[in-house]
Amino acid sequence: LQPKPLLAPAAWGAFFVAGHCLMIGLLLRERQAVSMRADEMAAYEETFHQHGFTPRQFKRLVEAGKWEHHAPGSELVKQGESARFVYYVHRGGARVETHG
């Protein structure tokens, strides 16, 4: 035994073990199955999966935003105004028009 306990190395060891346990838990949680609607699953598989998104990352992105449907010809942003949102067009298309 040491004449004086080595508390600092023991504390650092406990800190690293706790950090590794936390990261293992986060990785296991990330790999759990998530439920998605059919349109969300289609968007994930068609676009996001190929760029390395996990299903859980995509689901968090969807939950942070809003799923909207717009009629053809709808104006999303007017020229000269700041866009308040980021748009992802899943079905159909979008056209950008500038005047001047």
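Which side chain meets Glu-97 in a salt bridge? Select Arg-95: the two side chains meet at 2.8 Å, N to O. This is a predicted model, so treat each stop as a computed feature. Colour the pair by accessibility. Arg-95 counts as exposed, at 70% relative accessibility. Glu-97 is partly exposed, with a relative accessible area of 45%.

**Next stop: Glu-40**

Seven salt bridges are counted in the model. Select Glu-40 for two of its partners. Arg-37 meets Glu-40 at 3.3 Å, N to O. Lys-59 also bridges to Glu-40, with the closest N and O atoms 3.0 Å apart. The Lys-59 pair links distant parts of the chain: Lys-59 sits in helix α3 and Glu-40 in helix α2, 19 residues apart. Both of these residues are buried, and Glu-40 has a relative accessible area of 3%. Arg-37 is partly exposed, at 42%. Salt bridges with shared partners join Arg-37, Asp-39, Glu-40 and Lys-59 into one network.

**Next stop: the largest pocket**

Show the pocket surface. The largest pocket holds about 1500 Å³ of space. Its lining has 35 residues; select His-70, Leu-76, Tyr-87, Tyr-88 and Val-89, which lie nearest the centre. The elements giving two or more residues to this lining are α2 (38-48) and α3. Helix α3 gives the most, with four. By class, the lining has 17 nonpolar, ten polar and eight charged residues.

**Last stop: a nonpolar patch**

Select Leu-76, Val-77, Phe-85 and Tyr-87. Together they make a nonpolar surface patch of about 330 Å². Zoom in on Val-77, in the segment after α3 (55-64). Val-77 counts as partly exposed, at 38% relative accessibility.

Definitions and conventions
Residues are numbered from 1 along each chain as its sequence is written. This is a predicted model: local features need pLDDT of at least 70, side-chain atom pairs count only at pLDDT 80 or more; totals for chains, interfaces and linings use all residues. Side-chain values use heavy atoms; hydrogens and water are left out. Patches are made of residues with over 30% relative accessible area and no salt bridge: like charges are joined within 9 Å, nonpolar side chains (Val, Leu, Ile, Met, Phe, Trp, Tyr) within 5 Å. Accessible areas come from the Shrake-Rupley method with a 1.4 Å probe; for residues, only the protein chains shown count as cover. A salt bridge is a side-chain nitrogen of Lys or Arg within 4 Å of a carboxyl oxygen of Asp or Glu. Buried means under 20% relative accessible area, exposed over 50%, partly exposed in between (1.4 Å probe, protein chains only). On a 1 Å grid over the protein atoms alone, a cavity is a set of points where a 1.4 Å probe fits but cannot get out, and a pocket is an open set with protein on both sides within 12 Å along at least five of seven lines; lining residues have an atom within 4 Å of a point. Grid points are joined across faces, edges and corners, and a volume is the space filled by probe spheres set on the points. Ala, Val, Leu, Ile, Met, Phe, Trp, Tyr, Cys and Pro count as nonpolar, Asp, Glu, Lys and Arg as charged, and the others, Gly among them, as polar.
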